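Please open the model in a viewer and keep the selection tool at hand.

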Amino acid sequence: MADLKKVARDRIDQHAEELHALSQAIWRTPELNFQEHFAHTLLTKFLEEKGFQVERSFKLDTAFRATWGGETTSGPNVAVLCEYDALPEIGHGCGHNLIAEAGIAAGLGIKAAMETAGKPLGKLTVLGTPAEEGGGGKIELINKDVFKDVDVAMMVHPSPFNMSRFPCMPASLVSVKYRGRASHAAAFPWEGVNALDAAVMCYQGISNMRQQFKPSWRVNVIIKNGGAKANIIPDFAELELIIRAETDADLKVLKDKLYNNFHAAASATGCSVEIIPEAVQYSAMVINSSLIKAYEANAADLDIQFEPVRADVPRGSTDMGNVSHVVPSIHPMYSVGRNALNHTREFTEASGDIAAQPNTLNQGKALAMTAIDVFTSPGLLQAIKDDFRNDMALV
């Protein structure tokens with residue numbers, strides 16, 4: 001067991017420069033969700049060169065699946081997930097270039113250990129999952145049965161801190177469109193029905209509602225369209241919202257309250273309203289207890305120390321939460337070595353900094369070592385499955 005883990009760690013170290021080059025290339029070429037053609041080509045070419053069986057544009061144009069291990073193997077199928085999409089304007093402000101690097105590193109380490117074992121241990125899948133930033137790429141892959149034969153799914157995510165059990169929140173994206181009637185703003189303003197007024201009233205209504213929000217509720221809003229010209233009464237305005245809560249049930253309660261506000265603003269201004277929920281809704285992350293304990297033990301062997309989960313810890317959302325509802329999963333957060341916050345230009349800089357490399361490679365090693373535990377410890381795999389069954393009974 002220990003020898004196989006050492007093999008995995010050593011293999012990752014041997015490819016450290018190549019892995020960094022992959023990360024840097026993706027960082028220098030940021031691509032938005034479902035448009036990650038450069039990253040897709042780069043990663044699949046690398047994996048193919050390293051002996052993986054690669055399926056390009058797997059189910060989605062910029063998704064991929066790279067496998068190693070016999071199809072008839074009786075052992076588990078462990079999937080390591082990569083992300084590689086960027087944010088508008090600020091590039092890799094969430095460090096998905098590092099997620100790709102850690103996932104590829106883990107794949108190299110696991111493959112080396114399985115080769116050294118001299119016998120089939122199971123199946124390794126390195127899965128390229130596009131469009132985490134609002135596109136819900138993993139949800140589309142779930143809907144296409146990509147995880148149907150997967151026993152365990154793992155990934156890591158860069159952040160300002162090390163936290164193995166980061167509590168990701170469910171999230172829903174909604175567009176609210178108000179339509180009124182245009183008119184000359186100076187000559188005939190009384191003939192107009194101002195859609196911007198409805199949008200502003202909606203925005204302010206949400207702000208007033210915050211006084212009665214639960215501490216865990218989050219509503220983030222932008223006005224995407226507020227009119228064409230100042231001397232024309234706006235006949236169209238649009239808001240975009242991301243709605244988050246602690247649980248899926250709580251999210252529904254919050255959405256019901258917000259929908260009342262959307263309609264109230266329309267009624268007050270004489271506008272019509274169209275509410276368009278996005279097809280994708282991110283679910284809460286269900287962290288598999290037995291799997292995360294194995295990961296934590298391996299991380300400890302690499303001198304990785306974790307912060308405890310606190311009530312005031314900053315939270316986000318991810319479509320990995322949806323994966324965790326169909327297969328046992330983990331999604332630890334790890335420090336990039338700087339006190340930079342995700343979705344900022346400072347984090348973009350940090351995700352391209354050489355200082356992030358030691359921690360990223362260590363995360364790849366921790367994932368590889370955890371996969372080896374799953375492959376070689378039938379008792380662990382059964383405990384993981386038992387935890388998953390119990391967790392799903394409570395959802």
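Begin by selecting K50 and E18, whose side chains meet in a salt bridge with an N to O distance of 3.0 Å. A salt bridge here is a side-chain nitrogen of Lys or Arg within 4 Å of a carboxyl oxygen of Asp or Glu. Side chains of opposite charge can pair when their charged atoms come close. K50 lies in the loop between helix 3 and strand 1 (53–56), whereas E18 belongs to helix 2, so the pair ties together parts that are 32 residues apart in sequence. Helices (H or I, at least four residues) and strands (E, at least two) are DSSP runs, numbered from the N terminus. E18 has 34% relative accessibility and therefore counts as partly exposed. The terms for accessibility are as follows: buried means under 20% relative accessible area, exposed over 50%, and partly exposed in between (1.4 Å probe, protein chains only).

The model is predicted: local features need pLDDT of at least 70, and side-chain atom pairs count only at pLDDT 80 or more, while totals for chains, interfaces and linings use all residues. Residues are numbered from 1 along each chain as its sequence is written, and side-chain values use heavy atoms, with hydrogens and water left out.

Next, select helix 2, residues 16–28. How far apart are its end C-alpha atoms? They are 18 Å apart, which agrees with the 18 Å that its 13 residues should span at 1.5 Å a residue; the expected span is 1.5 Å times one less than the number of residues. Within helix 2, the residues L19, H20, L22, S23, Q24, A25 and I26 are buried.

Now display helix 3 (residues 37–49) together with helix 4 (residues 96–117); they pack at an angle of about 10 degrees, and their axes are 12 Å apart. Axes are lines fitted to C-alpha atoms, for helices over the stretch in contact, and angles run from 0 to 180 degrees between N-to-C directions. Helix 3 is therefore roughly parallel to helix 4, a term for angles under 35 degrees. Select L43, F46 and L47 of helix 3 with A100, I104 and L108 of helix 4 to see the contact, meaning heavy atoms within 4.5 Å. By class, this contact has six nonpolar residues, no polar ones and no charged ones. Ala, Val, Leu, Ile, Met, Phe, Trp, Tyr, Cys and Pro count as nonpolar, Asp, Glu, Lys and Arg as charged, and the others, Gly among them, as polar.

The structure holds 19 salt bridges. One of them joins E48 to R56, with the closest N and O atoms 3.1 Å apart. E48 is partly exposed at 39% relative accessibility, and R56 is partly exposed with a relative accessible area of 39%.

Move on to D250 and K214, a salt bridge whose closest N and O atoms are 3.1 Å apart. D250 is in helix 7 (residues 248–269) and K214 in the loop between helix 6 (195–209) and strand 8 (218–225), 36 residues apart. Then select E83, K138 and D319, which salt bridges with shared partners join into one network.

Finally, turn to the backbone. Most residues other than glycine have a negative phi. E89, although not a glycine, has a positive phi of about 75 degrees; E89 lies in the loop between strand 3 (77–82) and helix 4 and is exposed, at 75%. D303 also has a positive phi, of about 65 degrees. Look for D303 in the loop between helix 8 (289–301) and helix 9 (320–323), where D303 is exposed, at 70%.

How values were computed
Angles under 35 degrees count as roughly parallel, over 145 as roughly antiparallel, 65 to 115 as roughly perpendicular and the rest as oblique.
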